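Please keep the structure in view while reading.

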Amino acid sequence: MTTDLTTEISLAGEAELGRAARALAKGRLVAFPTETVYGLGADATDADAIARLYQAKGRPAFNPLISHVADLAAAEKIARFDAAALALARAFWPGPLTMVLPKTRDCAVAELATAGLDTIAIRIPSHPVARAILNLFGKPVVAPSANISGHVSPTTAQHVESDLAGRIDLIVDGGPVDVGVESTIVGSFDEPMLLRPGGLPREAIERVLGRALLRPPVDVENDSAQPLAPGMLTSHYAPRTRVRLNATEIAPGEALLAFGPLLKDAERAVAVMNLSLSGDLNEAAANLFGYLRALDARMAQTIAVMPIPNHGLGEAINDRLRRAAA
Ligand code: TXA
Ligand code: MG
């Protein structure tokens with residue numbers, strides 16, 4: 001992989017948003033904030049740009065990308081919506097929901113972005129910077145999380161820089177993101193399925209659908225070559241330090257990732273970061289990836305993680321922590 005690009009970082013002002021859109025039009029790789037995590041954007045219709053995007057992330061090309069669009073009209077040009085998908089679009093877009101839908105016949109998104117599948121993952125992000133870039137660019141933008149494949153997703157422009165400097169053209173800095181975990185992915189609408197828990201709680205989706213979301217068949221969660229949502233591979237979201245879940249005490253040499261009131265022996269930890277002292281799951285999601293990166297840098301023997309309830313954003317938090325511990 002060449003790492004000889006000069007990666008520019010700019011604050012998200014009006015001129016920079018225009019520059020970002022023009023860079024995408026030239027086939028360049030542009031990182032920008034969405035409400036969930038920072039994305040690494042490329043023109044979804046440009047196979048060369050997408051090939052370089054896979055290369056910059058070190059991502060296997062059989063793992064398809066999410067196409068980001070500005071509005072529902074743009075989404076309907078590339079995917080077919082049934083009644084349930086439309087209901088979810090109306091309820092939750094723009095926002096942290098991705099839907100996997102059948103491609104339209106004249107879908108302009110490059111085959112490479114969908115890994116040859118006849119379905120496409122789509123999302124309309126709500127972050128003002130992402131929306132401005134999508135509106136100015138006027139075409140779908142593929143944007144995986146802007147990290148080296150397998151690393152923890154970036155929630156600040158500095159995280160993007162530390163993973164991808166020299167590999168991409170531009171980083172638009174819009175400050176820290178709001179949600180902090182990736183979008184929730186739903187697919188297969190005759191049998192609606194939760195392909196990845198994320199920034200939109202399952203409960204909210206089930207209320208609109210009026211039915212429970214199925215779990216994907218067991219085999220897709222394992223490391224098969226053709227997973228339904230390959231981001232679900234267990235090795236994803238990994239810090240270098242070992243992660244121990246559901247910790248109720250601290251062993252010597254461990255760092256503590258806390259949630260709620262601290263453990264009695266917390267002062268024994270080599271470092272302590274609290275996802276949310278008050279036990280707020282939204283606050284915990286926003287802090288999760290940044291705190292994992294920070295504790296990873298402390299070179300502790302293990303990161304011990306206190307138990308986190310599994311409702312609301314807790315489902316996505318526990319999912320990412322299980323993968324980090326795998
Ligand atoms: O919040 C997010 O979704 C962020 C921001 C930047 O939008 N993006 C993101 O992208 O998390 P990425 O590439 O890290 O994760 C996309 C996931 C992967 O697990 C991929 O396998 C799955 O979506 N995916 C994409 N197309 C699919 C398809 N046609 N069928 C099933 N899964 C698909
Ligand atoms: Mg990712």
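**The domain interface and some backbone details**

In this predicted model, eight residue pairs are in polar contact across the interface of domain 1 and domain 2, with both residues of each pair at pLDDT 80 or more. On the side of domain 1 that touches domain 2, the elements that give two or more residues are helix 6 (157-164), strand 10 (193-196) and helix 7 (202-209). Helix 6 gives the most to that side, with three residues. By residue class, the side of domain 1 that touches domain 2 divides into nine nonpolar, nine polar and eight charged residues.

Charged side chains also pair up between the two domains: the count of salt bridges between domain 1 and domain 2 is four. The side chains of Arg202 and Glu315 form a salt bridge, with 3.0 Å from N to O. This pair qualifies because a salt bridge requires a side-chain nitrogen of Lys or Arg within 4 Å of a carboxyl oxygen of Asp or Glu.

The wider layout can now be set out. Domain 1 covers residues 8-221 and domain 2 covers residues 242-325. The contact draws 26 residues from domain 1 and 15 residues from domain 2. Taken over C-alpha atoms, the centres of domain 1 and domain 2 are separated by 27 Å.

How much area do domain 1 and domain 2 bury between them? The figure is about 1,500 Å², and 52% of it lies on carbon and sulfur atoms. In domain 1, the residues that lose the most area to domain 2 are Val152, Val181 and Pro197, which together account for 34% of what that side buries.

The backbone has some details to inspect as well. Trp93 and Pro94 are joined by a cis peptide bond, with omega at about -10°. Pro94 sits in the loop between helix 4 (83-92) and strand 5 (97-102).

Two residues other than glycine have a positive phi. For Asn246, phi is near 55°, and the residue lies in the loop between strand 11 (242-244) and strand 12 (254-258). Is Asn246 buried or exposed? Its relative accessibility is 53%, so Asn246 counts as exposed. Met299 also has phi near 55°, and is placed in the loop between helix 8 (281-296) and strand 14 (302-305). Met299 counts as exposed because its relative accessibility is 69%, the cut-off for exposed being over 50%.

Notes: Residues are numbered from 1 along each chain as its sequence is written. Chains are lettered from A and ligands numbered from 1 in the order in which they are written. This is a predicted model: local features need pLDDT of at least 70, side-chain atom pairs count only at pLDDT 80 or more; totals for chains, interfaces and linings use all residues. Side-chain values use heavy atoms; hydrogens and water are left out. Domain bounds come from an automatic or database domain assignment. Contact means heavy atoms within 4.5 Å. Buried area is the accessible area (1.4 Å probe) that two parts lose on being put together, summed over both. A polar contact is a pair of N or O atoms within 3.5 Å; within protein, one must be able to donate a hydrogen and the other to accept it, and residues adjacent in sequence count only if both atoms are side-chain atoms. Helices (H or I, at least four residues) and strands (E, at least two) are DSSP runs, numbered from the N terminus. Ala, Val, Leu, Ile, Met, Phe, Trp, Tyr, Cys and Pro count as nonpolar, Asp, Glu, Lys and Arg as charged, and the others, Gly among them, as polar. Buried means under 20% relative accessible area, exposed over 50%, partly exposed in between (1.4 Å probe, protein chains only).
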